[in-house]
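This report describes the strand pairing in a protein model. Please examine the sequence and the structure shown below before reading on.

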Amino acid sequence: TTMTAIFVSRSGIGTPQEGAPSFTLTPNPATGTVRCTIEEGAAGKGRLTLHDAAGKVVLRRKATLPGTHDIDISTLPAGVYFATLTTAQGSSTLRLMVE
């Protein structure tokens with residue numbers, strides 16, 4: 001299953017802002033490894049951050065845009081996580097289920 005990125009701001013969650021990076025996480029739900037694919041149109045460098053449901057950062061990684069990055073999630077407990085891709089153009093967030 002592929003999920004569409006959302007935009008997270010101080011005022012809440014909504015649709016992506018103009019120019020915000022678009023990315024996918026597959027598979028979702030995932031175990032072991034998840035593939036983050038950053039779509040064409042994004043350029044430069046970014047940062048991928050994974051938060052648990054309580055908001056604690058559990059992973060932080062630099063990302064080259066566009067591109068594909070395999071992320072080891074084998075040490076994470078099962079649950080809901082939020083992956084945020086941040087670039088100079090903005091931020092997008094996806095929900096990730098870890099089994």
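Over how many bridges do strand 5 and strand 8 pair, and is the sense parallel or antiparallel?

## Basis of the description

This is a predicted model, in which local features need pLDDT of at least 70, side-chain atom pairs count only at pLDDT 80 or more, and totals for chains, interfaces and linings use all residues. Residues are numbered from 1 along each chain as its sequence is written, and side-chain values use heavy atoms, with hydrogens and water left out.

Strand 5 (residues 44–52) and strand 8 (residues 79–87) pair in the antiparallel sense over 6 bridges. Strands are DSSP runs of E with at least two residues, numbered from the N terminus; two strands pair if DSSP finds at least two bridges between them. Within this pairing, Leu 50 stands opposite Ala 83 of strand 8.

Both strands belong to an open sheet of 4 strands with antiparallel pairing, in the order 6-5-8-9. Its edges are formed by strand 6 (57–65) and strand 9 (90–98), each of which pairs on one side only. Neighbouring strands of this sheet are turned by 20° against each other on average, direction ignored; axes are lines fitted to C-alpha atoms, and angles run from 0 to 180 degrees between N-to-C directions.

Strand 4 (residues 33–38) pairs with strand 7 in the antiparallel sense over 6 bridges. Here Cys 36 stands opposite His 69 in strand 7.
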